[in-house]
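Keep the sequence and the model in view while reading.

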Amino acid sequence: MALLVGLAVLASACGGADTEGVSASDDSATTPAQPDPEPQAPTPTTGNRPDAAALEAGYEDLVARTDPLPPDGGELVPCADVPELESRVEGKLSGRQNIPDDVAGALLTYWMEHAETFGGMWIDRGNGGTIVLAFTDDPQAHREAILARAPSPDDVPATIPPPPITDERALGERDDVAIDVVPVDFTEAQLRATQQHLGELLGAELGLLGSGIDTTKNRITLDLVDPPEGALDTIASLVPAAAVCITVTTSPHPPQGPLDVIPDLDVEDPLVSCRGTPPMPYSKLVAPDPIDDVEHPAVDALRAELATPGVEPLPEGDWVVLSIDDDLAVFAALGEDSFGTASVERQGDVWVLSGWSSGGACDPVVSLPDGLGQVDVRLDPDSLPGPDDTVIDLLVTEVDCASGREMGDALVGPQIVETEDAVLVAFAVIPVVGGANCQSNPSTSVSIELSEPLGDRLLLDGIRVPPRPLTDEADL
């Protein structure tokens, strides 16, 4: 269980502003929905520590016997409107660095020893990578006790096998981490017990897709898709609104009328994307600005990450700017046969690396309108076209996660553009909104009819920019 606990605790990588009613510079907190447990005295830093296995078992037992928070009649709040807790000290971990294993073990042990008041642990990237722990009782006492503590072989292991102890100094004396403690209203045990209870109480008939716990906001998150009329009022009457926030996704409506997505490259500079990048003009993707030609805090943050040693490397290549807006910057590393990306997000007054990926060369596709998803189009290998054919047999496959469904009426198109030299073909699909398993999707056989025999004209995928010849090989 230790490895799973460690991953769950360390996964939240960002912190923001203080939660509603809780100030990071003021140790007061709003009144919780049920009384706080009695504060515990911080564990001494010397002497024998409780057995790690017993600590883990005790924590799970605590969750099992913790009563769910009762409904409070409050108003449901969007998760986007709930500010994040933030630390008061400057951190020392880059956007790609996690908590050192020996430090993580010491902190896991400490919070399990104080599970009755523990409220979560995360890395506040917005403050330079501060390790933040939350408690419902006196945060300053916990912070002093944690900083005076040193890693021990007896700690709950953050990884298996447990790492060797290479630094025996107290956590407050180390120069590779910064640690802070903030106050919260609810313990993690309360949130977990309540989340489990709500999972039994609320169902898909209310539009519930899933739930989680956002430790940086000290909230249970409810993800809703197309909730029916009256569902939000029903949910509000059943949940402790002070401990819950919601994210509502509404299915977009696809454009009415025939599919019209193939651009005329002679007169248009279409919006395109490349493996999940934000839509951008094709000309910008063809001739992006090198990062050395752009002055911006997001560029400075990327340069700092590129210069950080000892962590997972960012993609290699010539770094360029794809897009920068008020809160998000996207960069690309252009290699001879590779295309990597890195995203940098603004958090408060600073810019922080938030994700990166790498892969083969960029293959731009038209940015489809809201309500439409991409499909892969290929020639039917059992019925390849000849020059005299006016009917072309194709196989069309949904690209995004769709639980392996048959597209049926969700398939949109075709759009066919015929010229003297080529036949451009495009399809799209009305995507699954909400939860879908990512598995192989079946191909749909489709026949298109041309206005005249194919002749020596090329059959092209009109979604690609520039259009790409269709083959009988799948591109998934």
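Start with Arg149 and Glu113, which form a salt bridge with their closest N and O atoms 2.9 Å apart. The two partners come from distant parts of the chain, 36 residues apart. Arg149 sits in the loop between helix 4 (139–147) and strand 4 (179–183), while Glu113 belongs to helix 3 (residues 101–113). Both Arg149 and Glu113 are buried.

This is a predicted model. In total, the structure holds 21 salt bridges.

| Pair | Closest N to O distance |
|---|---|
| Arg149 and Glu113 | 2.9 Å |
| Arg464 and Asp363 | 2.7 Å |

Asp300 has 46% relative accessibility, so it counts as partly exposed. Arg303 has 32% relative accessibility and also counts as partly exposed.

**A pair between two loops**

Arg464 forms a salt bridge with Asp363, at 2.7 Å between the closest N and O atoms. Arg464 lies in the loop between strand 21 (458–461) and strand 22 (468–469). Asp363 lies in the loop between strand 14 (350–357) and strand 15 (365–366). The pair therefore ties together parts that are 101 residues apart in sequence.

Are these two partners buried or partly exposed? Arg464 is buried, because its relative accessible area is 5%, and buried means under 20%. Asp363 is at 27% relative accessibility, so it counts as partly exposed.

**A network**

Salt bridges also link residues into a network. Its members are Asp102, Asp167, Arg169, Arg174, Asp175 and Asp176.

**A buried glycine**

Now turn to Gly129. This residue is in the loop between strand 2 (118–124) and strand 3 (130–135). Gly129 counts as buried because its relative accessibility is 0%.

Which residues does Gly129 contact, leaving aside its neighbours within four places in sequence? They are Gly91, Lys92, Leu93, Ile123 and Asp124. Gly95 gives a further reference point: Gly129 and Gly95 are 34 residues apart in sequence. In space, their C-alpha atoms are 7.2 Å apart.

Definitions and conventions. Residues numbered from 1 in each chain as written. Predicted model: local features only at pLDDT ≥ 70, side-chain atom pairs only at ≥ 80, totals over all residues. Heavy atoms only, no water. Helix = DSSP H or I, 4+ residues; strand = E, 2+ residues; numbered from the N terminus. Buried < 20%, exposed > 50% of the residue type's maximum accessible area, 1.4 Å probe, protein only. Contact = heavy atoms within 4.5 Å. Salt bridge = Lys/Arg side-chain N within 4 Å of Asp/Glu carboxyl O.
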